[in-house]
Amino acid sequence: MKPLLFIFGTAFLMMLIGWTWSEMPRPARLFSPTWTRSYQLYRQPHAIWLDRYDAVGANLEPLTRTLKAAARSKQIPELVVYAIPMRDLGQSSEGGFASYDDYLADNRLSADLIRQFVTATGIHPVIYLEPDSIPLAVQYRRDHNHSAESQQIYADRIRVIKDLIGIFQAAGAHVYLEAGHSGWFDYGEEDVQRIADALNEADIRKADGLATNVSNRQPVLARKPDEHHELHYLSRLLPLLENRNLDVCVDTSRNGGGSDDVFWARQYYLAPDGKLIDNEAATGRLVGVWEKDEQGEIWIFPYYGEPKPLKRLTGKEKYSYNAQKHILSAPPWLDAVGDVKLGPPPTDTPPEAVARIIQHYRYIKPPDDCDGSLNCPPGASKSQLNAATANRQPPDKPDFSTIWLP
């Protein structure tokens, strides 16, 4: 009798355990921030960016809102830390905290909030650390011939990334470093090695994962001969890293086209009457004005975004200017005409052809966010600014279609 009671009792207990486990909340891997404009427009989950830098604690409000939503929906929140000092090293996404002390203080406050969330929910957020910061430091050092300034910038960034890995992992988050994308530099072996060396110096061996193509349009697989693509880039980079257990994500939020016949560089015509016209439409679109100051310097005044001198645009921000045609061309990564084309949707089961190297597709960059072109400052809404710009078009706007011809 006792053996039977034991058997039935054990079976009942196993059923109870199984029922209890099945009723326990299991966090979803994909986080859907339903309140954001990108989700409302595109209905795809994406990461939330902690990119405020005006004061220590500035990122607590968006982080609190995100963690509350994640707790309610039992989903794993994915967060991007993007406020490092000299954030874009003088390029379009300028900004960042004024000092590393303030930057670290702000991130420690965020980590404390994450620690409380993990303790209360058992859910471990994903943190993507400072997209572009390491590749930019590598590039800046190379472009400045390893000057003392460039060496210091590089050393500071490596040091602070190492600190952030420990700060956020101690809070219970999974931390991912970022490795640029397959279109960086000239794709030579020495450049891939430079990125690998920097990631190793930044303690990639302690990180949980690696992300590439954040905010960029490089394809996962080549769509035409000799096209750079993320699978090939990662297949060369990963063997050079001091971590064989990295979880690899590729941002596919805007690589649904990407070849030259889908996207083309945004251009601006500096019309003789002082109007600034871009090529969003074939006939041209009025997006601001331009003028010369007393020193003869050309200044650009977009409807939306900061006024900028032409000298800065063609210098640090890597625009090009054809003085004969009066056409200013943005670098191809800045809000290209034809954007946004969504890439493959976020998933934890990418196609078999890539799954050996890439474990996840993600929309790390919210698709509706501007990249930083003249009339679309970083983080602003593409859709809202396009609508606002359309409302400012004069009824008698001339046809500028011949301006964009070669």
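Mentor: What follows is a close look at one helix pair and its contact. This is a predicted model, in which local features need pLDDT of at least 70, side-chain atom pairs count only at pLDDT 80 or more, and totals for chains, interfaces and linings use all residues. Residues are numbered from 1 along each chain as its sequence is written, and side-chain values use heavy atoms, with hydrogens and water left out. Two packed helices are described by the angle between their axes and the distance between the axes. For helix H5 (residues 133-143) and helix H6 (residues 148-170), the axes come within 8 Å and cross at roughly 160 degrees; helices here are DSSP runs of H or I, at least four residues, numbered from the N terminus, and axes are lines fitted to C-alpha atoms over the stretch in contact, with angles from 0 to 180 degrees between N-to-C directions. That angle makes H5 roughly antiparallel to H6 (a term for angles over 145 degrees). The crossing of H5 past H6 is left-handed, meaning that the near helix is turned anticlockwise from the far one by less than a right angle. From H5, the contact (heavy atoms within 4.5 Å) draws on Ser133, Ile134, Leu136, Ala137, Val138, Tyr140 and Arg141, while H6 contributes Glu149, Ser150, Gln151, Ile153, Tyr154, Arg157 and Ile161. Sorted by type, the residues of this contact between H5 and H6 comprise eight nonpolar, three polar and three charged, where Ala, Val, Leu, Ile, Met, Phe, Trp, Tyr, Cys and Pro count as nonpolar, Asp, Glu, Lys and Arg as charged, and the others, Gly among them, as polar.

Terms used:
Helices (H or I, at least four residues) and strands (E, at least two) are DSSP runs, numbered from the N terminus. Angles under 35 degrees count as roughly parallel, over 145 as roughly antiparallel, 65 to 115 as roughly perpendicular and the rest as oblique.
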